[in-house]
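Please read them beside the structure shown here.

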Amino acid sequence: MDDLARQRLRVYLLAICQALFLTCAVASVSVAAIVGAELAPQPWLSTLPYGLQFAVVILCAYPVSRLMGAVGRRPAFLMGACFAMAAGVTGYLAIRGGSFAGLILSHVLLGIFITHANYYRFAATDGVEAALRARAVALVTAGGVLAGILAPLLTLEAGGLFEGQSFTHSYLIFSLAGVITFLVMLGVPGLNAPATSSAKPTAERAESPAVPSSMAGVGAFLAMYCAGAGYLVMNLLMVQSTLALNTGPGSHTLVGVAIQLHVVAMFLPSFFTGRLLERFGHTRVLGVGFLLLVLSALTGMPGEAPFFVVPSLILLGVAWNFLYVGGSAFLTLCHSPERAHSTTFWAGPEAWCCHCRLPAWAL
């Protein structure tokens, strides 16, 4: 198998793993607050499990990155899949036993898995030239379209069938996704070496004109801020939306449809976000993302009726996509070996976007 075929296979298999990971993420945000409200000793604690899950993702991001640098991506990804398996079983037992503490533990374990899985999109860019990285990130992220269709069906609709212990079996989705991810990861090519192995040798990089490290740090901070801001606002609004829509008869179906539309809006643009980044530049796409984020918040402000909440969630999904994919692609350029060789670095972020012809597999 030639190098191009290996890159293509790696992107496609990682897209499958991304779909499984995002199915878990969407399932968790769909049911966490609802189940939390049923098990929490006080109503104000209902969003604590999901809040801690999100906090764990933030706190574990750096340690997981260091782990991948030491042992390689494959062992780290396999370890993350094991956390998904444990999260599903723990959540199932917690709901069966009415344990709020067990529910919290389940979401903490799931947060560790999500931390590992957040690096799937970066693994797709290992060994790929800078001109193709935005497209590779976008294609892997597009695996979430499948999650947008499946997750609400597997959690909200199926969970509503079990009266008295709603969503008990929904948590087993985490375990199933972990098992499948573990098996798929065994076959992904190019994941054995440490994550830093794709960089050029130090001696070779030393021959290039030096780029001030402060500039690279600023670019990396802006990239992480854009992706993180979109992720934070999206999670806040999604959790509140599920609680607002989960009232009255047929609420399971209403929440399921709303989450489906939102998640499809999150990931469907990934099929062309890479082209937008190449055509218009990172800063313009990220700017549009922030504009859509504000518009989403304004759309949902008038009330809790589906007429306001659903359009707000759709706008929120597109905004998240532009910020998440754009910020991720921007970050890969900030720390790419090619950056040191670039003569257009000082022209600003948009000068980093190449317009060269792309191979057929990336189209």
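1. Helix 2 and helix 3 (residues 73-97) pack with their axes 7 Å apart, at an angle of about 135 degrees. Axes are lines fitted to C-alpha atoms over the stretch in contact, with angles running from 0 to 180 degrees between N-to-C directions. Helices are DSSP runs (H or I, at least four residues), numbered from the N terminus.

2. In this contact (heavy atoms within 4.5 Å), Leu 67, Met 68 and Val 71 of helix 2 meet Arg 73, Pro 75, Ala 76, Phe 77 and Met 79 of helix 3.

3. The model is predicted: local features need pLDDT of at least 70 and side-chain atom pairs pLDDT 80 or more, while totals for chains, interfaces and linings use all residues. Residues are numbered from 1 along each chain as its sequence is written, and side-chain values use heavy atoms, without hydrogens and water.

4. Helix 2 (residues 48-71) also meets helix 4 (residues 100-117); their axes come within 7 Å and cross at roughly 35 degrees. Among the residues in contact are Leu 52, Val 56 and Cys 60 of helix 2 and Leu 103, Ile 104 and His 107 of helix 4.

5. Helix 1 (3-39), helix 2, helix 10 (213-245), helix 11 (251-267) and helix 14 (306-334) each give two or more residues to the lining of the largest cavity. Helix 1 gives the most, with 7 residues.
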